[in-house]
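Welcome, and thanks for taking a look at this one. Please keep the sequence and the 3D view open while you read, and follow along helix by helix.

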Amino acid sequence: MIIIIINVLIITLICAYFLGKKMLQKKQIQESYDADLNYEWREILERKMSLYKILPDHLKEKLHGHINYFLKTKSFYGNEGLEITEEIKVTVAGDACLPVLMREDPIYPDFDNIFICPDVYTRTEHQRNGNVIDEVTRSSSGVSWLNGPLLLAWKYASYGSSNKSDGENVTLHEFAHKLDGENGVTNGLPILRSKKDYKEWQVIMTREYDNLCERVDRRANRVLDAYGTTSPAEFFAVATESFFEKSVKFKKSLPDLYELLANYYELDPAQWHLDYRERQRLKNKAKNQTSRILSDNIGLE
Ligand SMILES: [Zn+2]
């Protein structure tokens with residue numbers, strides 16, 4: 001009888017723990033989306049995150065909520081003596097939250113810790129070469145461990161965030177790996193919304209991966225980084241970088257792949273880039289007209 005009571009008590013405590021955790025998570029989400037992003041953080045986004053400048057206003061509001069939640073739930077650690085500043089945290093959070101902008105559920109729930117190195121992360125790995133184990137030194141600007149932490153080199157994360165059109169953004173790249181790994185394996189196939197999407201994903205991704213390998217062999221590759229030929233997982237990660245940053249060219253050159261990713265991310269960044277260009281054109285036109293009027297009036301005093 002006592003054993004039964006103890007078992008019931010243990011089960012009740014476990015249920016209470018998970019229920020409490022879920023309620024706390026729900027509260028954190030609500031608070032994050034209700035709160036405005038503070039002025040200092042907005043200023044950092046304006047200054048550091050070039051894709052933020054081109055986001056439509058309603059998506060900026062959504063991004064602010066995600067950033068609040070991300071910074072409440074993720075822990076940052078500086079490697080090699082690097083001091084973690086607000087600038088580092090907000091810049092990384094801004095880019096990291098772009099691929100999950102349209103998600104309502106807790107974002108990136110499978111890991112908590114982000115390590116930031118000042119420059120590339122160098123490590124020694126052991127590789128079997130026949131009967132011999134070789135020591136290989138590798139340097140990376142980012143690493144995403146399956147179900148584990150994520151690491152970024154601040155030098156590259158900062159540069160990647162500051163240029164919105166070169167297709168190089170290590171933060172987008174590593175967080176694409178995190179999305180890819182949500183189903184327990186990193187293979188270029190993330191969790192899709194419905195069963196029918198898997199067939200289309202497989203057909204288009206396989207064809208486009210083969211096409212990239214062929215273009216790289218012919219030295220005729222333009223839109224996607226050649227690093228995408230390494231594996232289907234890297235192909236998905238580099239395609240994500242270009243999807244957000246080289247969007248207009250991407251949509252024109254690789255329309256099927258663009259549409260596939262646009263459906264997956266539920267976003268159309270090519271339109272953000274085009275709208276931004278148009279706003280800049282109108283702004284410059286107005287500026288030129290003002291200076292013409294001013295120069296026409298010189299000498300009237
Ligand atoms: Zn990668």
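## Helices H4 and H5

H4 and H5 are oblique to each other. In this predicted model, the axes of H4, residues 57-73, and H5, residues 86-97, cross at roughly 120° and come within 9 Å. An oblique label follows because an angle of 65 to 115 degrees would count as roughly perpendicular and one over 145 as roughly antiparallel. As for handedness, H4 passes H5 in a right-handed crossing.

Sorted by class, the contact of H4 with H5 holds eight nonpolar, two polar and one charged residues.

## The protein as a whole

Now let us step back to the overall picture. The protein has 12 helices and six strands, and its C-alpha trace spans about 100 × 55 × 45 Å along the principal axes. Of the 301 residues in the protein, 33% are buried. Among contacts between residues at least 6 apart in sequence, 67% join residues at least 24 apart.

Is glutamate 46 buried or exposed? Glutamate 46 counts as exposed, because it has 11 C-beta neighbours inside 10 Å.

The domain assignment of the protein gives domain 1, covering 17-186, and domain 2, covering 188-296. Between the C-alpha centres of domain 1 and domain 2 there are 20 Å. The contact draws 24 residues from domain 1 and 20 residues from domain 2.

Which helices each supply at least two residues of the side of domain 1 that touches domain 2? They are helix H3 (50-54) and helix H7 (170-180). H7 gives the most to that side, with six residues. By class, the residues of the side of domain 1 that touches domain 2 divide into 11 nonpolar, seven polar and six charged.

## H7 against H9

H7 also packs with helix H9 (residues 232-245), at an angle of about 130° and with the axes 8 Å apart. H7 and H9 are therefore oblique to each other. The crossing in which H7 passes H9 is right-handed.

On the H7 side, the residues that meet H9 are Leu172, His173, Ala176, His177 and Asp180. H9 brings Ala233, Phe236, Ala237, Val238, Thr240, Glu241 and Phe244. Counted by class, the contact of H7 with H9 has seven nonpolar, three polar and two charged residues.

## H8 against H11

Another helix pair to inspect is helix H8 (residues 197-217) with helix H11 (residues 255-265). Their axes are 10 Å apart and the packing angle is about 140°, so H8 and H11 are oblique to each other. The crossing of H8 and H11 is left-handed.

Glu200, Trp201, Ile204 and Glu208 of H8 make the contact, together with Asp256, Leu257 and Leu260 of H11. The classes here come to four nonpolar, no polar and three charged residues for the contact of H8 with H11.

## Two loop residues with positive phi

Finally, have a look at two places in the loops. Glutamate 80 lies in the loop between strand E1 (75-78) and H5. Although glutamate 80 is not a glycine, it has a positive phi of about 50°. Glutamate 80 counts as exposed because it has 9 C-beta neighbours inside 10 Å.

Where is asparagine 147 placed? Asparagine 147 sits in the loop between strand E5 (142-144) and strand E6 (150-153). Phi of asparagine 147 is near 60°, a positive value in a residue other than glycine. With 11 other C-beta atoms within 10 Å, asparagine 147 is exposed, since the limit for exposed is 12 or fewer.

Note on methods. Residues are numbered from 1 along each chain as its sequence is written. This is a predicted model: local features need pLDDT of at least 70, side-chain atom pairs count only at pLDDT 80 or more; totals for chains, interfaces and linings use all residues. Axes are lines fitted to C-alpha atoms, for helices over the stretch in contact, and angles run from 0 to 180 degrees between N-to-C directions. Helices (H or I, at least four residues) and strands (E, at least two) are DSSP runs, numbered from the N terminus. Angles under 35 degrees count as roughly parallel, over 145 as roughly antiparallel, 65 to 115 as roughly perpendicular and the rest as oblique. A crossing is left-handed if the near helix is turned anticlockwise from the far one by less than a right angle, and right-handed if clockwise. Ala, Val, Leu, Ile, Met, Phe, Trp, Tyr, Cys and Pro count as nonpolar, Asp, Glu, Lys and Arg as charged, and the others, Gly among them, as polar. Domain bounds come from an automatic or database domain assignment. Two residues are in contact if their C-beta atoms, placed from the backbone, lie within 7 Å. A residue is buried if 20 or more other C-beta atoms lie within 10 Å of its own, exposed if 12 or fewer, and partly exposed in between; C-beta atoms are placed from the backbone.
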